[in-house]
Amino acid sequence: MKNENKTKEQFLSELKELRQRIAELEKSESECKRAEEALHEAEAKYRSIFENAVEGIFLIALDGRILAANPAAARMMGYDSPEEFITVVTDIRQIYLDPDHRDELIHLVQTKGVVIGFEVQTRRKDGSVIWTSANVRALRDENGSVVGFVGMGVDITERKRIEEALRKERDKAQKYLDIAGVMIVVIDADQKVTLVNKKCSEILGYEDQEIIGKNWFDTFIPERIRDKVKSGFTKLIAGEIESFEFFKNPVLTRSGEERIIAWHNAVLRDEAGNITGTLSSGEDITESKQAEEMLQKYTVKLEESNSLKDLFTDIMSHDLLNPLGVIKIATEQVMLMEPGGEVAHDMLLMIKRNVDKLINMIKSASMYAMLESAEKLERSNLDLNEIFKATVNNLKPQLEEKNMTLEYFSKGECSLKANLTIESVFSNLLSNAIKYSPSGRKIEVNIMDENERCKIYVRDWGYGIKDEDKAKIFTRFQRVDKKGVKGTGLGLAIVKRIVDLHGGRVWIEDNPEGGSVFCVDIPKV
Ligand code: ADP
């Protein structure tokens with residue numbers, strides 16, 4: 001009974017298990033069905049994509065056999081249907097025009113797994129050739145071994161044709177640019193070179209590929225003017241200045257040599273009118289510029305020696321002849337006189353005065369000639385007061401002769417770096433003040449130390465100088481009035497040249513009490 005009961009219990013539990021199993025089986029059967037349905041659905045979806053895709057899709061075995069192709073693929077290759085395509089073209093390599101490409105794609109997919117944008121020429125059913133671009137991915141089995149690949153291809157013949165036409169146009173334009181005898185460079189808004197012609201590469205001494213992409217200013221403009229040229233370009237690009245049309249600037253070549261270029265510039269704009277860069281054409285004017293500079297130098301030198309020749313001719317024919325005439329007559333008279341007499345003595349004094357005048361004139365003329373050709377003067381530490389005192393000593397006889405007094409004001413030492421010719425500034429200004437004042441008047445001299453500069457004022461109570469004559473009397477041959485005054489007209493020209501060579505300034509002011517004030521301002525170093 002117990003066994004029977006056990007058997008019954010067993011039976012019941014087995015029955016329960018069986019029921020559970022049946023339920024599970026029923027469940028898994030419905031899941032299977034659902035999975036099957038989903039699979040069908042997905043398959044239909046993928047098939048629809050495959051059938052309707054615009055791109056040609058190819059399923060290819062590792063040995064090159066075409067396993068499947070969609071209608072777009074067949075259409076692209078000129079076949080009526082995928083079936084016809086697959087039947088006629090058994091191996092994908094058959095459609096590649098270039099034999100070198102035949103194994104390349106398979107090799108690339110095997111080694112890389114994915115190939116993007118593989119561009120080849122392919123032959124269609126009717127024999128016509130098209131360019132195709134394919135993106136290809138390797139298909140692998142569960143072990144990861146490549147078993148084939150799937151590719152998507154598009155016809156890029158039209159794009160290639162446009163690219164080729166553009167390339168031809170560009171080559172043609174580049175050829176024209178290369179024929180041009182001037183250098184041409186295009187710089188974008190970021191200061192980078194985007195185009196150069198042959199002449200530009202030749203002058204700079206680089207291959208064009210070494211120039212393209214470089215910052216034009218950092219690479220090819222000498223450092224000393226770089227910031228200035230850059231800022232001009234930046235303003236131009238920002239639209240802050242209208243144009244930058246013509247200028248002469250050097251460029252730095254590979255060898256470090258500078259060539260001077262005469263530039264013409266034009267602004268480049270996009271369709272919207274925004275400035276995108278500049279196009280510059282430049283002519284190498286280094287040689288002509290150098291020749292021009294040489295010529296200018298020679299012209300200046302020639303003018304200088306011409307004016308010196310005129311100066312000496314003028315001095316010889318006018319200034320020297322007068323005193324020499326006086327000397328000749330006086331000598332003849334002395335020769336007829338009794339030696340030792342008072343009249344003979346006066347005559348000899350007159351001869352001496354005229355000889356001194358001649359010596360002074362010749363000294364002035366040679367000093368003027370020296371100063372004219374000097375570009376700078378050696379300078380050493382000098383005290384203007386000392387120089388002044390030495391000059392006054394030499395002028396004492398003239399002061400006494402005209403019964404004139406000299407007042408001198410100075411606040412201590414006034415040292416500066418100067419050339420000894422500065423002495424001539426004092427001697428000429430003082431002797432003029434004596435010459436161009438009536439007897440008995442006074443002269444006042446001020447020497448002032450003003451921080452970085454020394455100032456000299458020579459004030460007289462003489463005949464004065466008209467405003468219209470003030471500037472011109474510093475030029476040689478500009479004598480206001482020759483009558484009654486004996487001079488070469490060189491004195492103030494010498495003063496001005498010496499002051500100029502010291503980096504200073506000389507000018508004339510009126511003395512409110514009648515007469516003139518000659519003012520000199522010289523930097524101490
Ligand atoms: P020069 O005295 O030999 O004629 P300068 O060059 O020294 O040559 O002077 C040029 C001219 O300037 C003089 O002829 C004179 O007319 C005028 N001049 C120069 N200094 C004075 C002065 N202190 N007062 C008036 N006229 C002057």
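**Exercise 1.** How many disulfides does a search of the whole structure find?

*Solution.* The model is predicted: local features require pLDDT of at least 70 and side-chain atom pairs pLDDT 80 or more, while totals for chains, interfaces and linings use all residues. Residues are numbered from 1 along each chain as its sequence is written, and side-chain values use heavy atoms, without hydrogens and water.
Step 1: a disulfide is a pair of cysteine sulfur atoms within 2.5 Å.
Step 2: the search returns zero disulfides.

**Exercise 2.** State where pLDDT (the predictor's confidence in each residue, from 0 to 100) stays under 50.

*Solution.* Step 1: the protein chain has an average pLDDT of 89, and 96% of the residues reach at least 70.
Step 1: residues 478-486 stay under 50, with 14 contacts (heavy atoms within 4.5 Å) beyond four places in sequence.
Step 2: where pLDDT is low, predicted coordinates should not be read in detail.

**Exercise 3.** Characterise the salt bridge between Arg 224 and Glu 258.

*Solution.* Step 1: a salt bridge places a side-chain nitrogen of Lys or Arg within 4 Å of a carboxyl oxygen of Asp or Glu; the whole structure has 34.
Step 1: the closest N and O atoms of Arg 224 and Glu 258 are 2.3 Å apart.
Step 2: Arg 224 belongs to helix H10 (residues 223-237) and Glu 258 to strand E9 (residues 258-269), so the pair ties together parts 34 residues apart in sequence. Helices (H or I, at least four residues) and strands (E, at least two) are DSSP runs, numbered from the N terminus.
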